[in-house]
Amino acid sequence: MLSSVYGDQALIYRLTDLQSIMAASDDLSQDYSETGKNLHTTLRLYREMFGEKTDHVNIAMAMRNLGSTYLDRHMKCTTRCECLELALDYSIQALNMFRRIHGGKSVHANVIGVMNNLGQINFKLEVGDSNGKAEQCFKEALSLLKKHYGQDADHRDIADTLHKQGRFYREKRQYAEANSTLMEALEMYMKLHNNHAHLDIADTWRELGINNFWQGDDANSNILEALKTADVRQEPDIYQIENLINCPHYQDAKYSYEKALAMYKEVFGNENFHTSICAVLINMVMCCSRMDKIAEATGHFLHAIVLLWRKMRVN
């Protein structure tokens with residue numbers, strides 16, 4: 001058991017490089033610069049058509065689309081870029097115009113959509129900061145949605161906002177809030193899709209798994225750090241290793257990952273390559289390695305490799 005913790009588990013840490021290979025093989029061919037250029041042209045034409053200082057839904061929608069495009073582009077950037085600041089600028093302009101058009105306290109879908117985008121943008125800008133703007137945006141969007149559809153309504157827009165808010169709490173390492181919010185989203189998605197296999201449900205199971213895994217890593221940070229720099233000649237702390245292997249957070253994460261994996265396979269096919277399938281397989285590799293289930297971790301890793309190899313052969 002100890003050899004697997006010091007030897008095999010150290011190897012497992014490095015197997016996550018597969019994620020980089022996997023991302024490179026995915027279809028990321030969308031030309032965001034061309035999309036942005038077209039949207040800028042559209043915005044200019046609308047302003048010429050309706051007036052530079054006129055509040056018009058088409059102008060506001062063009063600015064909202066620009067904000068969304070720059071946010072998506074930021075997600076694909078590997079280095080620091082100005083996309084996030086541009087996303088914030090266009091989204092705020094769109095929100096202000098929508099509110100002038102629909103009314104300051106409007107629960108119109110246009111207003112709610114921009115509020116959700118602003119929640120994601122502000123969170124990205126808040127890394128290392130805690131000004132609370134992101135949480136405020138998510139809460140306001142959720143409040144508007146419930147006013148629009150009803151306090152007890154089950155609606156895709158409400159579930160999507162809960163999902164985004166849950167991910168936000170997880171990134172802030174507020175694990176209890178993340179778990180309860182994601183569970184609320186999961187239950188709503190299940191009702192909306194009649195418990196049939198759907199990406200919304202699978203994605204939320206995976207997010208719950210990630211939340212539990214991160215919580216486990218935080219709870220075992222001392223032993224994990226020690227294992228990274230361990231001298232194999234020194235006797236490890238058996239008690240700490242047993243706590244790591246038997247950590248309930250990893251057990252909960254494994255259960256959620258298994259639910260996600262089964263549903264992804266049902267959606268995409270059992271032996272077909274898809275980024276979501278490979279991503280959750282890598283999640284399983286890390287989780288099983290923490291639990292000293294090295295054979296199971298290796299099996300998931302090999303499965304991901306096979307799927308990736310098939311994808312590369314087709315391309």
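The buried residues of helix α4 are I59, A60, A62, M63, L66, G67, S68, T69, Y70 and L71, where buried means under 20% relative accessible area, exposed means over 50%, and partly exposed covers the values in between, with a 1.4 Å probe and protein chains only. The structure is a predicted model, in which local features need pLDDT of at least 70 and side-chain atom pairs count only at pLDDT 80 or more, while totals for chains, interfaces and linings use all residues. Residues are numbered from 1 along each chain as its sequence is written, and side-chain values use heavy atoms, with hydrogens and water left out.

The secondary structure comes to 15 helices and zero strands; helices (H or I, at least four residues) and strands (E, at least two) are DSSP runs, numbered from the N terminus. Of the 315 residues in the chain, 43% are buried. Among contacts with a separation of 6 or more, 68% join residues 24 or more positions apart, a contact being heavy atoms within 4.5 Å. The chain exposes about 16,300 Å², and carbon and sulfur atoms supply 49% of that area; accessible areas come from the Shrake-Rupley method with a 1.4 Å probe, and for residues only the protein chains shown count as cover.

Back to α4, which spans residues 57-76. Its 20 residues reach 29 Å from the first C-alpha to the last, close to the 28 Å expected at 1.5 Å a residue; the expected span is 1.5 Å times one less than the number of residues.

What about its neighbours? Two packed helices are described by the angle between their axes and the distance between the axes. Helix α4 packs with helix α6 (residues 109-125) at an angle of about 30°, and their axes are 11 Å apart; axes are lines fitted to C-alpha atoms, for helices over the stretch in contact, and angles run from 0 to 180 degrees between N-to-C directions. The pair α4 and α6 is therefore roughly parallel, since angles under 35 degrees count as roughly parallel, over 145 as roughly antiparallel, 65 to 115 as roughly perpendicular and the rest as oblique. The crossing of α4 and α6 is left-handed, that is, the near helix is turned anticlockwise from the far one by less than a right angle (clockwise would be right-handed). On the α4 side the meeting residues include S68 and L71, and on the α6 side they include G113 and V114.

A second pair is formed by helix α8 (residues 156-171) and helix α9 (residues 175-192), which pack at about 155° with axes 8 Å apart. These two helices are therefore roughly antiparallel to each other, and their crossing is left-handed. Among the residues that meet are L162 and Y169 in α8, and L182 and M188 in α9.

The loops beside these helices deserve a look too. R173 sits in the loop between α8 and α9; this residue other than glycine has a positive phi, near 60°, and is partly exposed at 45% relative accessibility. In the loop between α9 and α10, N195 also has a positive phi of about 60° although it is not a glycine, and N195 counts as exposed at 56%.

H198 is found in the loop between α9 and α10 (199-219) and is partly exposed, with a relative accessible area of 27%. Which residues does H198 touch, not counting those up to four places away in sequence? They are H193, M263 and V267. The C-alpha atoms of H198 and Y264 are separated by 8.0 Å, although these residues are 66 apart along the chain.
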